[in-house]
2 protein chains.
Amino acid sequence: MNTKMEQRVELSDEIWSETCWEIGESRFDPDQAVTAGSNFMIGNGYMGYRGTFADDRADQYPALVVTDTYDNADGTWKELVTAPNGLFTLLSCRGKDILWRQGGFGEYERRLNMLRGEWSARARWDDPGILVEEERFCSYDDLHLLTSRTRITALGEVELEIATGIDGKVWSLNGNHFSSLSLEEGPDCLEASCVTGEQGYHLVLREDALLRRAGGAAIEPCETASREGALCRVFRVSLEEGQALVLEKRVVLYSSNDLRDTSRITSDAARGPLPTQEEVRQATAGGLSRAVSRSWEELREAHRNIWKDRWDSADILIGGDRVAQTLIRYNLYHNVIAAPAHADHLPLGARGLSCQAYQGAAFWDQEIFNLPMFLFTDPETARRLLVYRYRTLDGARKKARDLGYRGAFYAWVSGDTGEEICPSWFFRDVLTGRRIRNHFNDWQIHVSPDIAYTVWKYVTATGDQEFLELYGAEILFEVARFLASRVHYRPGLERYEIIRVLGPDEYHENVDNNYFTNFQAQFVCRYAVEVYDSLSTDHPRVFDDVARRIGLERGERDAWDDIARRIYIPEADHETGLIEQFQGFFELEDTRPEVIRERLLDPGEYWGWPNGIAVETQVSKQADVTQLFMLHPKACSREVIRANWEYYEPRTQHGSSLSYAVYAICAAWIGHDQEAYRYFLRSCTVDLLNTGKAVSGGTFIGGIHTAACGVAWQIVVSGFAGMYLTRSGFGFDPHLPSGWETLAFTLKRWGDSLEVTLHQRAMTVRAREDNSREITLEVGSSEVALPPGQQVAVPLR
Amino acid sequence: MNTKMEQRVELSDEIWSETCWEIGESRFDPDQAVTAGSNFMIGNGYMGYRGTFADDRADQYPALVVTDTYDNADGTWKELVTAPNGLFTLLSCRGKDILWRQGGFGEYERRLNMLRGEWSARARWDDPGILVEEERFCSYDDLHLLTSRTRITALGEVELEIATGIDGKVWSLNGNHFSSLSLEEGPDCLEASCVTGEQGYHLVLREDALLRRAGGAAIEPCETASREGALCRVFRVSLEEGQALVLEKRVVLYSSNDLRDTSRITSDAARGPLPTQEEVRQATAGGLSRAVSRSWEELREAHRNIWKDRWDSADILIGGDRVAQTLIRYNLYHNVIAAPAHADHLPLGARGLSCQAYQGAAFWDQEIFNLPMFLFTDPETARRLLVYRYRTLDGARKKARDLGYRGAFYAWVSGDTGEEICPSWFFRDVLTGRRIRNHFNDWQIHVSPDIAYTVWKYVTATGDQEFLELYGAEILFEVARFLASRVHYRPGLERYEIIRVLGPDEYHENVDNNYFTNFQAQFVCRYAVEVYDSLSTDHPRVFDDVARRIGLERGERDAWDDIARRIYIPEADHETGLIEQFQGFFELEDTRPEVIRERLLDPGEYWGWPNGIAVETQVSKQADVTQLFMLHPKACSREVIRANWEYYEPRTQHGSSLSYAVYAICAAWIGHDQEAYRYFLRSCTVDLLNTGKAVSGGTFIGGIHTAACGVAWQIVVSGFAGMYLTRSGFGFDPHLPSGWETLAFTLKRWGDSLEVTLHQRAMTVRAREDNSREITLEVGSSEVALPPGQQVAVPLR
Ligand SMILES: [Ca+2]
Ligand SMILES: [Ca+2]
């Protein structure tokens with residue numbers, strides 16, 4: 001384990017609060033601008049605003065990232081746009097700017113309050129002597145509202161110039177998205193109005209700024225002026241010692257797609273005509289006038305109330321380990337603000353709304369890493385994420401068709417329409433400068449069964465038959481249909497195979513019979529048959545609707561059944577218990593990441609396909625066989641899980657942030673307690689303690705790893721508490737980290753709630769009074785039925 | 001077309017003889033030592049002796065390459081060994097060596113007589129004044145005999161020292177093969193006795209040297225002495241002006257395997273115990289005493305007579321084009337001496353016996369490029385080459401088994417046992433120094449159907465039912481069985497596919513549904529069903545024998561039938577006529593070799609898989625779709641052949657010497673006369689005009705491209721004469737090069753012979769008197785039956 005990380009975890013007293021609801025920093029490190037900007041970000045699932053400073057410019061990577069604005073930057077990268085920065089504020093004194101990014105404060109603090117979704121910072125400058133305290137949040141009460149309040153206190157006599165407005169010099173990762181961007185003075189506001197270059201989307205942002213003396217009257221600006229691409233109102237104020245100013249800023253933002261039909265996405269055209277710029281402006285104007293009509297405290301109170309509700313079901317309480325307590329909240333927070341919980345036509349991006357990296361798009365991460373937390377704490381959001389997959393079925397169908405398959409081949413990188421937006425060419429070989437053709441977009445097929453598997457998981461956990469009938473069955477059937485067109489049958493061996501894939505381990509592209517992929521495919525085909533049979537028997541009209549819609553035939557169901565029965569699933573070796581990651585894996589050079597690292601000619605080399613140093617070795621980028629265990633905890637015996645954990649773990653490079661969690665969860669199950677805890681820490685600090693380069697060769701590679709955030713919930717609940725779904729409730733197989741006195745969380749099932757509390761030697765589970773039915777618990781070999789309002793205590797070995 | 005080559009072709013008067021039976025050079029170029037050593041080589045299918053000079057040492061790449069001596073040099077390269085050089089002779093005068101390799105002659109000539117299989121050289125030195133004339137041949141009358149005669153004429157008074165014996169300092173391509181090598185004086189001879197390091201094979205070579213004055217008495221040596229690793233008898237002679245000496249050397253050589261059982265190879269052990277060194281020595285001694293008992297003229301006469309017989313059936317007469325006449329003989333000559341016509345357990349190597357390159361092993365070249373010439377001119381040799389494939393079936397079975405398949409998966413590189421001796425790792429990336437894993441050995445599966453296809457061709461052309469029953473059927477069934485285990489069935493598409501192969505074009509490894517491979521597989525499955533049915537019906541006992549031997553079941557025949565019916569064969573596009581080389585080929589970057597050549601960072605880069613510059617483009621190393629046409633001239637219409645020739649030709653880099661011939665043949669068919677002739681010249685001069693580097697980075701890359709030599713026959717007969725097999729004889733569709741007045745050759749069919757003579761506007765075919773049956777000719781739409789002794793003249797358009 002990385003010693004640097006362990007050292008940093010011990011530094012927790014400095015960066016984490018007593019309440020375990022905050023992260024903070026009291027030293028400013030300009031080299032960590034990228035990381036801190038991500039870690040301290042605020043957001044509400046509609047917009048994300050990086051935790052940078054009010055006077056930061058493009059070089060510091062501030063960004064207001066807006067959902068549902070996918071647009072091509074340069075013909076290659078379709079991604080979300082970054083809107084003009086409406087919180088821009090620049091202080092100066094006697095012609096000299098007072099810049100946060102230059103540090104040199106007497107006193108400094110930046111904090112993120114996860115309980116409230118609020119950012120704050122304070123700094124004291126000595127020359128001139130001022131104390132600046134800013135608070136901000138992206139409102140959950142009005143998703144289009146971003147607002148801040150800044151208090152400036154004079155520590156001596158001081159003449160200040162405050163320029164505040166909208167910075168139009170947007171940092172954009174892959175080039176300019178706007179064919180036009182105008183900053184203008186509007187009626188009682190400033191306005192930025194943009195048109196995107198590819199799709200012609202409008203984006204209108206308005207900013208209202210109110211400056212007043214603390215407890216006193218508003219101050220009028222002297223002028224409106226430009227500050228290097230920022231249009232600002234300029235205030236000039238003289239302050240005596242102890243006097244203070246308060247600046248309230250309200251920023252409201254709408255884009256074209258916020259006004260368009262979301263009932264059926266499938267393509268941009270399917271959403272109907274674009275609203276006019278004037279219509280978008282009207283929406284923005286309406287939002288701003290609502291925001292201005294309420295006091296800043298009112299706005300904040302409404303926002304906080306929603307966060308309070310979220311945490312009611314989402315919070316995990318860890319007794320005896322403040323580091324873990326803070327870490328888990330930090331990660332859950334980022335998973336929440338990344339999720340477009342307001343919509344059912346939008347993806348949860350791999351970097352959320354923390355930046356444009358990964359194109360603001362969903363990967364398999366969404367279902368496998370982000371979604372389970374919602375499924376058991378906020379199932380409505382889980383549902384919406386899956387409905388997004390339904391609404392983007394046409395994109396997946398198109399991809400399948402384009403590649404010669406049937407059904408739904410979900411995009412590796414899925415934006416608004418679900419069409420594949422992963423370019424075929426993006427890596428470059430650092431040794432030769434030549435581009436590399438990777439096949440994430442056409443060979444990494446497991447995303448489709450992963451989504452269908454999650455349909456099963458959602459339906460099982462929620463009992464949401466309506467979802468199944470309206471959306472789930474169609475997703476499932478189309479994925480099964482895709483799989484049936486993608487498998488190959490080996491006549492001599494009388495088995496189905498899946499050829500030429502990438503499994504989760506991305507260093508080994510172009511492999512056959514990847515255990516993970518084949519297992520998921522089998523699971524999905526089996527489930528598809530089950531749903532086909534039950535739906536056609538019990539709900540024939542619903543079934544007929546679906547079948548007619550997609551032209552489903554009885555023979556297809558039989559094909560899925562045959563595939564489920566005869567697909568080749570690599571078996572655990574009778575003696576060693578080992579499962580081969582894919583056919584031929586064990587014949588590759590058996591070595592370790594640290595060994596092949598020595599072979600690098602350049603630290604920036606890609607290790608993977610086609611010709612990287614890991615390709616012909618057993619070194620994996622990330623969990624693969626063990627990844628399957630995470631999804632199917634009961635598919636293999638603990639002995640098999642242990643054998644494979646112990647084999648694959650030292651051969652895993654963890655080149656993906658998705659890897660740690662898998663090893664943490666499986667380690668917990670097999671009693672590798674220390675490793676479980678270490679991997680938990682590693683997974684939960686991927687962003688927080690990112691001490692590596694966040695900009696590489698001028699390319700921004702920062703941003704929040706939302707999958708690592710989302711999966712933190714699973715490490716704790718599925719790993720340490722050992723929770724697994726059963727037909728009639730939940731099972732538990734707890735392995736609490738030794739330092740944890742208690743672990744408590746809420747689980748939702750069929751709309752009901754359980755409150756689970758674990759101690760080292762016992763657990764209690766309470767069914768809420770208003771539960772509608774009995775939930776069965778399985779702990780070891782014992783089973784307990786828990787009726788509404790009842791509580792049960794189970795001793796643990 | 002390479003202008004350098006065209007220039008050289010115009011130089012023909014200098015290097016080719018009036019008779020068109022010789023190649024020669026009258027200028028000595030030490031930079032061409034490698035190329036000339038190959039071009040002027042002699043051989044007899046048992047041994048090859050490079051056309052170097054008697055005093056050449058390892059640096060000049062002399063080599064006596066011996067069949068059936070496969071042995072590992074360094075753990076990677078199994079290859080034939082090079083024996084000690086028994087023709088070594090060193091002249092000196094007053095302590096100063098007179099070396100051929102230093103040039104400086106007053107007069108010089110080196111010649112190869114293809115009619116007689118004899119090498120000769122003459123040179124006149126002025127100081128001392130001597131004329132040296134040497135002749136040599138590898139005897140076809142006694143395959144173990146290599147002999148030379150050198151006449152040394154004094155042009156003034158001269159004192160000569162002649163050291164002649166055996167040079168033990170062997171040039172060996174991939175390291176030393178001998179664990180021991182001793183040079184000793186034997187009874188009336190010198191002897192080299194070697195033991196190979198891996199297999200422990202013995203190799204005993206004896207040399208007899210007789211020096212006499214011209215027309216006078218024998219001269220006795222003064223001493224036996226070492227000359228830098230060569231053991232020599234040393235003669236010292238004074239000569240007056242005009243006096244001459246004659247040195248006759250007889251070298252006889254046997255290796256262990258020459259005395260072992262060849263009835264069943266399968267593994268080295270299967271050949272029974274190794275003979276003792278003494279047994280090998282006895283064989284050598286016996287051979288030498290037979291050779292010594294005959295005069296040099298007698299030995300030569302016996303050798304010449306055999307060559308005369310060979311040319312009787314093999315020669316092609318071209319009237320009106322002396323360059324072409326010489327070229328065709330040069331190529332046929334090299335195909336003949338490369339062929340182990342004396343054995344039916346040995347391969348015809350890709351570089352023949354010209355050197356150790358390509359491991360002395362057979363590739364698919366053997367059946368597709370070398371064998372057809374024999375099939376129609378010397379069918380017994382064709383049969384023996386195919387029996388070799390039968391004897392190595394176990395190696396092919398082992399390869400199939402090791403890779404998880406059934407039946408016979410023939411080695412890409414096939415030595416004595418047929419086990420795969422192509423290493424998995426041998427290329428290095430010149431840019432990174434890293435080794436590259438190529439998949440010639442496990443993915444280039446077409447070799448198996450190519451061999452089975454040749455079984456069909458052989459049986460069809462010869463009617464050799466005995467061969468089919470004894471050998472052919474088993475090869476065929478095992479290949480069909482392999483294919484059945486190698487194909488994949490696509491349930492949705494109801495078709496078989498062949499996934500992850502290299503077709504003939506080796507730049508595109510790892511492709512699906514390669515047209516060539518799938519077509520060949522279909523052909524073979526269809527033929528296997530046909531043979532299964534006819535054999536089981538008409539020769540049930542023979543069939544039962546084969547079936548019992550290989551455990552064949554009726555269901556397998558049905559599986560082959562199903563595959564033949566439903567395997568996916570890419571079709572010619574209805575509009576363009578184009579056939580896609582493999583699935584997705586047309587989606588690759590459409591560019592040209594000359595364009596991507598500009599992208600090279602190093603001229604030595606490998607263009608192919610996994611990451612070479614051609615991989616993601618439509619640039620092919622060699623013919624692939626058009627290669628199929630060569631094997632199945634009637635499979636597609638002339639229009640389709642033309643469309644594909646015109647499409648693929650400019651996209652072909654000709655990185656393989658196998659490519660030119662295919663484009664020549666197809667060009668002839670479609671009336672691209674000039675291109676056909678140009679490609680004919682290119683193909684026929686691959687070795688002769690090799691002006692490139694023959695040693696690259698210290699690695700020898702020279703040697704005779706035997707496939708290009710063998711296929712010269714096909715360019716002329718299948719291409720220009722347009723000959724194709726029909727059920728009852730031959731068809732012809734002639735397109736003579738405009739400069740050719742006549743083209744005449746012999747064709748064998750069912751043991752009978754036809755003499756074919758083409759003119760520009762007519763052709764005549766004569767059936768020999770002793771033919772046993774009528775042969776039908778098809779020319780255009782007319783058919784003629786030709787009884788024994790009859791002749792027919794057909795006008796051509
Ligand atoms: Ca205002
Ligand atoms: Ca003698």
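## The nonpolar core

The largest nonpolar core of this predicted model has 469 residues. A nonpolar core here is a set of buried Ala, Val, Leu, Ile, Met, Phe, Trp, Tyr and Cys residues joined through side-chain atoms within 4.5 Å. "Buried" means under 20% relative accessible area, "exposed" means over 50%, and "partly exposed" is in between, using a 1.4 Å probe and protein chains only. Which residues have the most contacts inside this core? They are Phe477(A), Phe477(B) and Leu747(B).

Let's visit one of them. Leaving aside residues up to four places away in sequence, Phe477(A) touches Ala528(A), Val531(A), Tyr532(A), Phe543(A), Val546(A), Ile550(A), Leu552(A) and Trp560(A). Such a contact means heavy atoms within 4.5 Å.

## How to read the model

This is a predicted model, in which local features need pLDDT of at least 70 and side-chain atom pairs count only at pLDDT 80 or more, while totals for chains, interfaces and linings use all residues. Residues are numbered from 1 along each chain as its sequence is written, chains are lettered from A and ligands numbered from 1 in the order in which they are written, and side-chain values use heavy atoms, with hydrogens and water left out.

## A kinked helix

Now find helix α7 of chain A, residues 365–377. Helices (H or I, at least four residues) and strands (E, at least two) are DSSP runs, numbered from the N terminus. At 1.5 Å a residue, the 13 residues of α7(A) should span 18 Å, and its end C-alpha atoms are 18 Å apart, which agrees. The expected span is 1.5 Å times one less than the number of residues.

Where does α7(A) kink? A kink of about 55° lies at Leu371(A), shortly before the proline Pro372(A). The bend at a residue is the angle between axes fitted to the seven residues ending there and the seven starting there. Because 13 of the 13 residues of α7(A) are buried, this helix is largely enclosed by the rest of the structure.

## Aromatic partners

Over all chains, a search of the whole structure finds 127 aromatic pairs. Rings of Phe, Tyr and Trp (its six-membered ring) pair if their centres lie within 6.5 Å; planes under 30 degrees apart count as stacked, over 60 as edge-to-face and the rest as tilted. One pair is Phe363(A) with Trp412(A): the ring centres are 6.0 Å apart and the planes are at 85°, so this pair is edge-to-face. It links distant parts of the chain, 49 residues apart, with Phe363(A) in the loop between α6 and α7 of chain A and Trp412(A) in the loop between α9 and β23 of chain A. Phe363(A) counts as buried at 8% relative accessibility, and Trp412(A) counts as buried at 4%.

In chain B, Trp364(B) and Phe516(B) form an edge-to-face pair, 5.9 Å centre to centre with 80° between the planes. Trp364(B) lies in the loop between α6 and α7 of chain B and Phe516(B) in helix α13 of chain B, so the pair ties together parts that are 152 residues apart in sequence. Trp364(B) is buried at 2% relative accessible area, and Phe516(B) is buried at 0%. Back in chain A, one aromatic cluster is formed by Phe28(A), Phe53(A), Trp100(A), Phe105(A), Tyr108(A), Trp119(A) and Trp125(A).

## Strands side by side

In chain B, four strands form an open sheet in the order β2-β3-β4-β7, with antiparallel pairing. The strands β2(B) and β7(B) stand at the edges, each with a single partner strand, so one side of each is left without a neighbour in the sheet. Two strands pair if DSSP finds at least two bridges between them. Two bridges join β2(B) to β3(B), and Ile42(B) has Tyr49(B) as its bridge partner in β3(B).

In chain A, five bridges join the antiparallel strands β33(A) and β36(A). Val765(A) has Val792(A) as its bridge partner in β36(A). Val792(A) and Val794(A) make up the covered face of β36(A), whereas Gln791(A), Ala793(A) and Pro795(A) make up the uncovered one.

The peptide bond from Asp127(A) to Pro128(A) is cis, with omega near 0°. Pro128(A) sits in the loop between β11 and β12 of chain A. Arg94(A) has a positive phi of about 55° although it is not a glycine. Arg94(A) is in the loop between β8 and β9 of chain A, and counts as exposed at 72% relative accessibility.
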